[in-house]
Amino acid sequence: PFVIGSACIDTMDKSCMEECPVDCIYEGDRKLYIQPNECIDCGACEAVCPVEAISPHRKVPEEQKEFVADNARFFLDV
Ligand code: SF4
């Protein structure tokens, strides 16, 4: 799945939500989150993000790794 990192915080442009073919991007309080069980790895969201906040799970930069855990927490809570 793809993961949304820190650049989305307080940006929440939502272009990705419009592009996602399976509607698996959800709104949190300050950023958007991709539901990993629903994401089909198409990459459409990554291409349209104006702040380049989105990366594939395996390519999340080291300093953004906390967002993988943050993402998992978000979907446990909903
Ligand atoms: Fe949606 Fe595709 Fe992005 Fe996954 S990679 S969140 S399916 S647009």
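Reader: Why is Lys 14 called partly exposed?

Author: In this predicted model, Lys 14 has a relative accessible area of 29%, and since the label partly exposed covers what lies between under 20% for buried and over 50% for exposed, Lys 14 is partly exposed.

Reader: What makes the meeting of Lys 14 and Glu 27 a salt bridge?

Author: The side chains of the two residues come to 3.3 Å, counted from N to O, and because a salt bridge requires a side-chain nitrogen of Lys or Arg within 4 Å of a carboxyl oxygen of Asp or Glu, the pair of Lys 14 and Glu 27 qualifies as a salt bridge. Lys 14 lies in the loop between β1 and α1 while Glu 27 belongs to strand β2, so the pair ties together parts that are 13 residues apart in sequence. Glu 27, with a relative accessible area of 45%, is partly exposed.

Reader: How many salt bridges does the structure hold, and which residue meets Arg 30 in one?

Author: The structure holds three salt bridges, and in one of them the side chain of Arg 30 meets that of Asp 10 at 2.6 Å, N to O. This pair links distant parts of the chain, with Arg 30 in the loop between β2 (25-27) and β3 and Asp 10 in the loop between β1 and α1 (15-19), 20 residues apart.

Reader: What makes the aromatic pair of Tyr 33 and Phe 74 stacked?

Author: There are three aromatic pairs, and in this one the rings are 3.9 Å apart, centre to centre, with 5° between the planes. Because centres within 6.5 Å make a pair and planes under 30 degrees apart count as stacked, the rings of Tyr 33 and Phe 74 form a stacked pair. Tyr 33 lies in strand β3 and Phe 74 in helix α3, so the pair ties together parts that are 41 residues apart in sequence.

Reader: Why is the pair of Phe 74 and Phe 75 called edge-to-face?

Author: The ring centres of Phe 74 and Phe 75 are 5.0 Å apart and their planes stand at 90°, so the pair is edge-to-face, the cut-off for that label being over 60. Ring pairs link Tyr 26, Tyr 33, Phe 74 and Phe 75 into a cluster.

Reader: How do you know that Phe 74 and Phe 75 are buried?

Author: Phe 74 has a relative accessible area of 17% and Phe 75 has 15%; because buried means under 20%, Phe 74 is buried, and Phe 75 counts as buried too.

Reader: Which residues have the most contacts inside the largest nonpolar core?

Author: The largest nonpolar core has 15 residues, and those with the most contacts inside it are Ile 4, Ile 25, Leu 32, Ile 34, Cys 45 and Ile 54. Strands β1 (2-4) and β3 (32-34) each supply at least two residues of this core. Ile 4 touches several residues beyond four places away in sequence, among them Ile 25, Leu 32, Ile 54 and Phe 67.

How values were computed
Residues are numbered from 1 along each chain as its sequence is written. This is a predicted model: local features need pLDDT of at least 70, side-chain atom pairs count only at pLDDT 80 or more; totals for chains, interfaces and linings use all residues. Side-chain values use heavy atoms; hydrogens and water are left out. A nonpolar core is a set of buried Ala, Val, Leu, Ile, Met, Phe, Trp, Tyr and Cys residues joined through side-chain atoms within 4.5 Å. Buried means under 20% relative accessible area, exposed over 50%, partly exposed in between (1.4 Å probe, protein chains only). Helices (H or I, at least four residues) and strands (E, at least two) are DSSP runs, numbered from the N terminus. Contact means heavy atoms within 4.5 Å. Rings of Phe, Tyr and Trp (its six-membered ring) pair if their centres lie within 6.5 Å; planes under 30 degrees apart count as stacked, over 60 as edge-to-face and the rest as tilted.
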